[in-house]
Amino acid sequence: MTGRSSTWMGRTVTAALLVAALGGCAILREFGPSVAVTPMTPGETIALQRGDILTTGRLSAATAQTIRVAGLDTAACVQPSIDCIRALSGVEGIADERLQSALSELWLQHALTLASPVPGKPVDPASADARLQALLEAARHAYVYLFYTARSPGERAFEDRQTQVRDWYNHAVQAASTQLFDTRLRSAPATDRIEVAGWTLHMDVTGVRLPGGTDMPQELLPAASLSFKGLRSIYRRDGFGAELVAVMHDPVAAAASAAPEARAGHRPDVPAWSEMPSPSLTLLFRFLGENAAEVLATREVLASAHDPYIEDTVVLRGQQVPLAANFSAGYGLWLARSGFAVQSLRTLLGRERGIERPHLYMMQPYDPQRRIVLMIHGLASSPEAWVNVANEIMGDEALRRNYQVWQVYYPTNMPIALNQAAIRRLVIDALAHVDPGGQAPASHDIVLVGHSMGGVIARLLVSSSGDALWNTFVQTREIEPARLARIRPRLEPMLRFEPLPQVGRAVFIAAPHRGTEVAGTRLGRWVSGLVRLPLTLLEGFGDVIQALAGQDEDRREARLPNSIDNLSKDDPLVRAAAQFPISPAVRLHSIIARRSAEGGLEDSDDGLVPYRSAHLPGALSEKIIVSGHSVQETAPAVLEIRRILHEDMAERTDTTPAEPAREAVADPGA
């Protein structure tokens, strides 16, 4: 460096320092950048863009930026502060969308610092009101951002910010509604108007019908707060509103858990069918006003409840908005609390707190326009056997629009003939109750799905026994005419039946149509010996049981074949049922399991049921799956059931001529 250059540089640096000292710091940018750049990974970029008070516990980048643009103390506003909220509200010149979204997040931040009231514990009214006030403010500012600013929601459809604001609204409504329920509604009579925390809430619950005709659930739970094991998928619909689960009283579970003396006989207060006692619903808060100024000034809210199975969109301010929904949480909660696993085993062994007659559960409020998928579980099982099957059907939007799921829960210790008669009567009575005229689509073309012993029962429901069983019964037993006349009304439904005319399709899954060898082994006979029939059955059908067992009236004890006995390949009922003709109006499908892909199909089995017993001649489809006996829970089986239902749905809506009906044929393999 030359002397002249050195002198020039020294003078320049001296001048720059002098200017800096006098306040002209900008000149330093000529000699070195004051903005530094740091590389970011894609994950870090997305986290910065999408992180917010709900996901990270910190304010979003957009809200922090708005605070800086407003000239407020960023450090002070990082902590929840009413002063910061008020200061930001008074700043002029900030774009509406930016201001309203920031205020929504700040109010939500404040609400999250206030403790949520705990059900059953004393509530501090002031603290509860402060939290509710903050939640309502968060929801209101989000509502203004979404529907009262210059751009419509559709114009912001691809913006992360709109998704964040929607989530803040949904969470605020969820938290406010559950708090209101726990502190004001749970123990209060139903009302359409609530005055709380200086706000007026107008309640509209006409959009939902709760099970049992009740007005108020026992619990109101956020669907997002529930996590499940054993449920492979959680099916939701992204959209607007709080996803909730309304938990109702379950008379069936209550009766089963009651003391033995309270359960004797058929309880008249326990219905033979009921809707699932934990339905899903979606709640909206609509803030009244014709423009943003009116909405921000109002303290009136319309709180409306919606059935996500009936409504998938809602119109707000002229905009068609998707309605949020959770189709799995209520179902999962019901199964988790049901106690079915223990109860079904108690039932099989005839122990206390089992069930003594079939019950029909409707997985959603009855809809006359949706056709029915009727599921029947197998031995020592319960509706839990269908956990992922039913969940996948309810999670498939096309199937959900066209079908409703009904599940039969029945005592699997009972003889198959008795169960088929009771289930047949149950289905007929339930349909007559919900559709007395029998004209609704729900009363026609039912899809029947049965697993294992439930598949055997399902086959009987679509078969014609003719006089075969009755004649065999009469010819093999010496029964006095007077006695036969006395027991005939109760005996005939078990031995004489015709196909249910409401059924249009049947899917048999690992069904032992011709019985199993396992039931006749020493182990099978030992397990059969452990099975006890319900006391109510022995008391009410004692003479019928004696007649079925081929015993005289003067003998006190009778050994009636139970369900396990009925599954033996040598059982007379199973042998006879395999020859009954199936209704030609019913389309048939089989799903059959084999433990190994090795070896011939004819010699395979699923550990309990051999292929030869599960195979059904005349079936339109036969799906072979490498699996154990509980094949209905496997992904391939669920996919096959969905395929069958989509095929069924297409056939019912197709305008082309239907395929020719099959002729009624007996099973030649019997």
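Modeller: Let's begin with disulfides: two cysteine sulfur atoms count as one when they lie within 2.5 Å. By that rule the structure holds one disulfide. Keep in mind that this is a predicted model.

Biologist: How do you know that Cys 77 and Cys 84 are joined by a disulfide?

Modeller: Their sulfurs are 1.9 Å apart, and the cut-off is within 2.5 Å, so the pair qualifies. The link of Cys 77 and Cys 84 is right-handed, with 110 degrees about the S-S bond.

Biologist: What makes helix H14 "mostly covered"?

Modeller: H14 spans residues 387-395, and nine of its nine residues are buried. Among them are Val 387, Asn 391, Glu 392 and Met 394. The cover comes with partners: the buried residues of H14 pack against helices H12, H15 and H26, along with strands S13 and S14.

Biologist: Now the sheet. Which strands form it, and in what order?

Modeller: Six strands form an open sheet, ordered S1-S2-S8-S7-S5-S3, with mixed pairing.

Biologist: Why are S1 and S3 called the edges?

Modeller: Strand S1 (193-196) and strand S3 (219-222) each have a single partner strand, so one side of each has no neighbour in the sheet. On average, neighbouring strands here are turned by 30 degrees against each other, direction ignored.

Biologist: How do you know that S2 and S8 pair?

Modeller: Pairing takes at least two bridges. Strands S2 (residues 199-204) and S8 (residues 300-306) share five, so they count as a pair, and they run parallel. As a landmark, His 202 sits opposite Leu 302 in S8.

Biologist: Which helices lie against the sheet?

Modeller: Helix H7 (residues 125-147) packs on the sheet and touches S1, S2 and S7, making about 80 degrees with the direction of S7. H12 lies across S3, S5 and S7, and runs at about 30 degrees to S5.

Biologist: On to the aromatics. Why is the pair of Trp 334 and Phe 340 called edge-to-face?

Modeller: The structure holds 15 aromatic pairs. In the one you picked, Trp 334 and Phe 340 are 5.4 Å apart centre to centre, with 85 degrees between the planes. Ring centres must lie within 6.5 Å, and planes over 60 degrees apart count as edge-to-face. Trp 334 is buried at 4% relative accessibility, and Phe 340 is buried at 3%.

Biologist: What makes Phe 340 and Tyr 409 an edge-to-face pair?

Modeller: The centres are 4.7 Å apart and the planes make 65 degrees, so this pair passes the limits of 6.5 Å and 60 degrees as well. Phe 340 lies in helix H13 and Tyr 409 in strand S14, so the pair ties together parts that are 69 residues apart in sequence. Tyr 409 is buried, as is Phe 340.

Biologist: Which residues form one aromatic cluster?

Modeller: Tyr 143, Phe 147, Tyr 148, Tyr 169, Trp 199, Phe 240 and Phe 287.

Technical notes:
Residues numbered from 1 in each chain as written. Predicted model: local features only at pLDDT ≥ 70, side-chain atom pairs only at ≥ 80, totals over all residues. Heavy atoms only, no water. Buried < 20%, exposed > 50% of the residue type's maximum accessible area, 1.4 Å probe, protein only. Helix = DSSP H or I, 4+ residues; strand = E, 2+ residues; numbered from the N terminus. Contact = heavy atoms within 4.5 Å. Axes fitted to C-alpha atoms, helices over the stretch in contact; angles between N-to-C directions. Phe/Tyr/Trp six-rings, centres within 6.5 Å; stacked < 30°, edge-to-face > 60°.
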